[in-house]
Amino acid sequence: MARMKLVLIILLMHISGILATTPLTLDESIDLAVENNKELLAAEQGYEAARWSQYNVLSNFFPQASFNARPVRIDDDTYERATEIYKIPVFGPNNIPKGDYIPFSAAGMNGLYRTTYNTGFTVQQPIFNGGKIFLGYQIARLARIQAEQSLVERENEISHRVAD
């Protein structure tokens, strides 16, 4: 009885091994070769780089905007002079001083702080410069097309090698 169980277990293992090892078809082997080929992966990366290069060159047609901000620190002497209170005389209806005075401070007008920020927003629009921008875009577009054709060529070459 033990021998029969052992033979049955060995037979089941052999049948499951046969079922698990199915041969690859030609299409499956080509797909595996294309998927795992390092040359083809490098060509795909080259194509992606050329495509992004074309996008970067295309951005030369659009206006470039930049924003900058920098802190400005006021020294103590300037701050003291700006916050100093002056007396401004009040004039009556006949343009004669009345004797009253209004307290005035330069810092009180707009709220002077020791640290302020100087900001700037700049927009630059490219103008005609002899067609250099357009030629750069054409070259980048042709480089992308060349990389795409190289990728397709490598893929076809791998497919032919596997099929042979």
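Q: At roughly what angle do helix 3 and helix 6 cross in this predicted model?
A: This is a predicted model. The axes of helix 3 and helix 6 come within 8 Å. They cross at roughly 165°.

Q: Is helix 3 roughly parallel or roughly antiparallel to helix 6?
A: The crossing angle of helix 3 and helix 6 is roughly 165°. Angles over 145 degrees count as roughly antiparallel. Helix 3 is therefore, relative to helix 6, roughly antiparallel.

Q: Is the crossing of helix 3 and helix 6 left-handed or right-handed, and how do the residues of the contact divide by class?
A: Helix 3 passes helix 6 in a crossing that is left-handed. The residues of the contact of helix 3 with helix 6 divide into twelve nonpolar, four polar and nine charged.

Q: Which residues does Ala50 touch, leaving out those up to four places away in sequence?
A: Ala50 belongs to the largest nonpolar core. Ala147 is also a member of that core. With residues up to four places away in sequence left out, Ala50 touches Ala143, Arg144 and Ala147.

Q: Which residues form the largest nonpolar core?
A: In soluble globular proteins, nonpolar side chains tend to be buried together. Here the largest nonpolar core has nine residues. They are Ile30, Val34, Leu40, Ala43, Tyr47, Ala50, Ala147, Leu151 and Ile158.

Q: Is helix 2 oblique or roughly antiparallel to helix 6?
A: Helix 2 and helix 6 pack with their axes 9 Å apart. Their angle is about 135°. The cut-off for roughly antiparallel is over 145 degrees. Helix 2 is therefore, relative to helix 6, oblique.

Q: Which residues of helix 6 make the contact with helix 2?
A: The crossing of helix 2 and helix 6 is right-handed. Helix 2 brings Leu26, Ser29, Ile30, Ala33 and Val34 to the contact. By class, the contact has seven nonpolar, two polar and one charged residues. The helix 6 side is Glu155, Ile158, Ser159, Val162 and Ala163.

Q: How many Å apart in space are Arg141 and Gln54, C-alpha to C-alpha?
A: Arg141 is in helix 6. Its relative accessibility is 28%, which counts as partly exposed. Arg141 and Gln54 are 87 residues apart in sequence. In space, their C-alpha separation is 5.8 Å.

Q: Which residues is Thr115 in contact with, leaving aside its neighbours within four places in sequence?
A: Thr115 lies in strand 4 (residues 115-124). It is partly exposed, at a relative accessible area of 33%. Thr115 and Arg73 are 42 residues apart in sequence but 4.5 Å apart in space, C-alpha to C-alpha. With the neighbours within four places set aside, the contacts of Thr115 are Pro71, Val72 and Arg73.

Q: What is the phi of Asn95?
A: Asn95 is in the loop between strand 2 (86-91) and strand 3 (97-104). It is exposed, with a relative accessible area of 62%. Asn95 is not a glycine, yet its phi is positive, at about 60°.

Definitions and conventions: Residues are numbered from 1 along each chain as its sequence is written. This is a predicted model: local features need pLDDT of at least 70, side-chain atom pairs count only at pLDDT 80 or more; totals for chains, interfaces and linings use all residues. Side-chain values use heavy atoms; hydrogens and water are left out. A nonpolar core is a set of buried Ala, Val, Leu, Ile, Met, Phe, Trp, Tyr and Cys residues joined through side-chain atoms within 4.5 Å. Buried means under 20% relative accessible area, exposed over 50%, partly exposed in between (1.4 Å probe, protein chains only). Contact means heavy atoms within 4.5 Å. Axes are lines fitted to C-alpha atoms, for helices over the stretch in contact, and angles run from 0 to 180 degrees between N-to-C directions. Helices (H or I, at least four residues) and strands (E, at least two) are DSSP runs, numbered from the N terminus. Angles under 35 degrees count as roughly parallel, over 145 as roughly antiparallel, 65 to 115 as roughly perpendicular and the rest as oblique. A crossing is left-handed if the near helix is turned anticlockwise from the far one by less than a right angle, and right-handed if clockwise. Ala, Val, Leu, Ile, Met, Phe, Trp, Tyr, Cys and Pro count as nonpolar, Asp, Glu, Lys and Arg as charged, and the others, Gly among them, as polar.
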